[in-house]
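Dear colleague,

Please find the structure below for your records. My notes on it follow directly after.

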Amino acid sequence: MADKKPLSKEFTKGLIAENPVLRLVLGTCPTLAVSTSVSGALGMGLAASIVLICSNIVISALRKIIPGKVRIPAYIVIIASFVTIVQMVVKAYAPAIDESLGVYLPLIVVNCIILGRAEAFAGKNGVIASAVDGLGMGVGFTGALLAMALIREFIGTGAISGTQIFPAEYAMIIFILPPGGFFVFGMLMAVANKLAESKGKPKAELHGCESCPMAASCSLINTGSCEESVKEATVR
Amino acid sequence: MSVNKKLTVSASPHVRSPHTVSGIMLDVIIALIPSLIAAVVIFGYRVLMVTLVCVGSAVLSEYLSRKVMKRHQTISDLSAVVTGLLLAFNLPVSIPLWIAALGSIIAIVVVKQMFGGIGQNFVNPALAARIILLMSFPSAMANWATDSKFITTTATPLANISVPSEVMTSFAGETEELPSLLDMFLGLHGGCFGEVCSLALIIGGIYLVVRKVISPAIPLAYIGTVAVFMLIAGRGDFEFVAYQLLGGGLLLGAIFMATDYTTCPVSFKGKIIFGIGCGVITTVIRLFGSLPEGVSFSIILMNLLVPHIERLTTAKPFGTPKKDKKAEKAAKKAEKEAVKV
């Protein structure tokens, strides 16, 4: 199990090898939406990271109390509480960021990364490991967002974080539009795959039963027959 | 031994066609030359400069990207030249040269080579590049201003008129402000420089059909569909239909872009469906969309549907019995039930 891994590994896996956005392809909706500007990406990344770390800690601490059958509603309540706190803090101290993020700030509640980590990691591991996992995933998410936002804002508007580098008339506006977002996303995924593979890691996919979000309730765990049963279910 | 000498044993295919990729591409280039000459006459020598920049950067980026990816060189098949030419034809004459070069690089590197090079691109590279440029530099791509002497010396000063958008949005009542139909046909109006001269485009199209490079199915289905729908929209006004057919990039798109081998269906039936689809989307964008022109978008959208069109129109192998749909359904049902049990 993952408990036995050194803590540093729990942190570094979130950076590239299991980067939530570029390798696990979770949380793509906020990624594409807020990565048009560096400040928005930074705000979103930080807010989501704080929620992720806090919810990971609490969920991990309560993992033996929460009954398996109602764990998803329980997780959502915990996540929503932290999102509300973060939202109130951002509204109070950084109203500009709140305005630029708009609906995506409250939508962190349904961010797949946070629920995914709660299901895949925090619900099964100790508090410290979960906190480190949340930190690593948060840094990975923020890093991916920042990389995308840097490229998109620089090429799309000629500026970085609002500072004009080259005249806006030479900027390719398409990069801050959705097609440019998908294009940069695809390119970064390719780069992340290349980097992760050069370290001998397999391509982006779920690694066996442990990382499956259904693992906790799965009756076929570690029997290896999960995929076949899924196939059968779809045939029916 | 003597038998062996007479009998050449070679691998299939044994039936060969005289068509080669470079031969076809050369035919397309020849077919585009009348339009190029017309554009130079109408808009001046800057046309040649833009075309040269587009073709040059297309060929160069094809060469470099093949080299970087360590694949065999394909610049001698002339497809990059055609892409560069078609992209140039889709640009206004006032386009800054660096935008033209950037467009070629996008067409070749992003749209063509990243998907595997010639024969592998899923949309037409020149059109995709044009759309990316259109969305990236909307003001430069819609700057129809020209210092052409030819146009300013005609009776109506058309030099700075943004003809395409006006042609598209105008209904029959406003025709007196528009160039005459003859001017539209000869290309004496504003627009992207490769699309204005309908006469030269039609000459090129006829050449391609005669040389059997393209089948007339797609252009005819495409233009016919637009004509029918515009006739309905214009309440039977043939002048309005003529402006719609001659204006904008319809002829260039229908003859040269929609017929791209890689991105159009193989079968005749598929070609007709493809052409009608392009026509419907073009009409809808022209009449109801916020953009004045819809040819490039319609072709790109239909390009994306080509795999599905192909699947629907696969030819039945010769000699096979007719499909019995009832029996097939029954077999499927039985299979499902067997799985359930």
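Which residues on the other side of α8(A) are exposed? They are Phe182(A), Gly186(A), Ala190(A), Lys194(A) and Ser198(A); a residue counts as exposed if 12 or fewer other C-beta atoms, placed from the backbone, lie within 10 Å of its own, as buried if 20 or more do, and as partly exposed in between.

This is a predicted model, in which local features need pLDDT of at least 70 and side-chain atom pairs count only at pLDDT 80 or more, while totals for chains, interfaces and linings use all residues. Residues are numbered from 1 along each chain as its sequence is written, and chains are lettered from A and ligands numbered from 1 in the order in which they are written.

Helix α8 of chain A covers residues 178–198 (helices are DSSP runs of H or I, at least four residues, and strands of E, at least two, numbered from the N terminus). Buried in α8(A) are Gly180(A), Gly181(A), Val184(A), Phe185(A), Ala192(A) and Ala196(A). Because they cover an arc of only 130° around the axis (taken from the directions from the helix axis to the C-beta atoms), they lie on the same side of α8(A). These buried residues pack against α2 (28–34) and α7 (127–157) of chain A.

Chain B has 17 helices and 0 strands, and 44% of its 341 residues are buried. Its average pLDDT (the predictor's confidence in each residue, from 0 to 100) is 81, with 86% of the residues at 70 or above.

The model as a whole scores ipTM 0.73 and pTM 0.76.

With kind regards

Technical notes: Expected span 1.5 Å × (residues − 1). Contact = placed C-beta atoms within 7 Å.
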